[in-house]
Amino acid sequence: MSVPARDLHRVAVVSDVHGNVTAYDAVLADIARRGIDDVINLGDLVGKGPRGSECIRITRDRGMPTVRGNWDAFIARDDVQPWEHAQWVRDALTPADRSWLADLPNVHEIVLSGQPIRFFHASPVSEFTRVFTPTTEAEHRAFVEQTAFTGDGQVPTIVGYGDIHGAYLAVDYGITVFNAGSVGNALDGPGAPYVVLEGTLAGPGEDEPPGHVGISFVRVPYDVESEIAAAEELGMPGVEAYALELREQRYRGSAVSTS
Ligand SMILES: [Mn+2]
């Protein structure tokens, strides 16, 4: 009988880069060092940090599957932004950057080891609907709901998202939920976090159950002071709040959004 290819394949998952090129470069170098080619981006490429356009260029050049974050959506949508920092972020993007952001899909799906895995920025409801770590069965089930936002593909056994800037893993009720954390604006500790998924591209054989998917959390140190200096040099409004977030992982930004 023929045996399907069972080589392990690895996929890196990054999220919430937020214009922080220094952290993004460090994470992508770490991913490359591990020999991983596939990278999925869970959105919020822009805002909070100064170099959104460069983050978009890096992401597009690599052809990374990317879903739309809340910042991506409102920065791309509104000519006039509600506060100075957001206006500055928008004005620093090219028209091509903005239309690329606006056209991003809201969900991305892959299969590893025969398990459907779904990715979105914040929740299956929208990129603006924030959810934290699930504990109850109902909360776990909410992550795999089929909505107008996610479509009606296979019900996932694993869900990955970003948005809350805090990495975690919650496994229960047959549903695995992970948060990739924020590469560019982590609020759960120093460094730039991301996730590596490992499984087979081939599904299980007939009459075999789905295989296992490995989930690893990585944190990469990067030069925070050099990133803050870049933001200062570019004259980014709100640089003091940005510096506090990067140095101390303490949110002190605008009252409009916490992440
Ligand atoms: Mn974010």
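The legends below describe close-up views of a predicted model.

**View 1. The open sheet of five strands.** The sheet is open and consists of 5 strands in the order β3-β4-β5-β7-β6, with mixed pairing. Its edge strands, β3 (108-112) and β6 (168-172), each pair on one side only. On average, neighbouring strands are turned by 15 degrees against each other, direction ignored.

**View 2. Pairing of β5 with β7.** Strand β5 covers residues 158-161 and strand β7 residues 175-179; the two pair in the parallel sense over 4 bridges. Within this pair, I158 stands opposite T176 of β7.

**View 3. Surroundings of A86.** A86 lies in helix α4, which spans residues 84-91. With 23 other C-beta atoms within 10 Å, A86 is buried, because 20 or more count as buried. Leaving aside residues up to four places away in sequence, A86 touches G47, I75 and Q81. V46 is 40 residues from A86 in sequence, and their C-alpha atoms are 9.6 Å apart.

**View 4. Crossing of helices α3 and α5.** The axes of α3 (residues 70-77) and α5 (residues 95-102) come within 8 Å and cross at roughly 130 degrees. The two helices are therefore oblique to each other, since this angle falls between the range of 65 to 115 for roughly perpendicular and the limit of 145 for roughly antiparallel. The crossing of α3 past α5 is left-handed.

**View 5. Residues at the contact of α3 with α5.** From α3, D72, I75, A76 and R77 meet R98, L101 and A102 of α5. These residues divide into 4 nonpolar and 3 charged, with no polar ones. I75 of α3 is also one of the residues touched by A86.

Notes: Residues numbered from 1 in each chain as written. Predicted model: local features only at pLDDT ≥ 70, side-chain atom pairs only at ≥ 80, totals over all residues. Pairing = 2+ DSSP bridges. Axes fitted to C-alpha atoms, helices over the stretch in contact; angles between N-to-C directions. Buried ≥ 20, exposed ≤ 12 C-beta atoms within 10 Å, placed from the backbone. Contact = placed C-beta atoms within 7 Å. Parallel < 35°, antiparallel > 145°, perpendicular 65-115°, else oblique. Left-handed = near helix turned anticlockwise from the far one by under 90°. Nonpolar A, V, L, I, M, F, W, Y, C, P; charged D, E, K, R; others polar.
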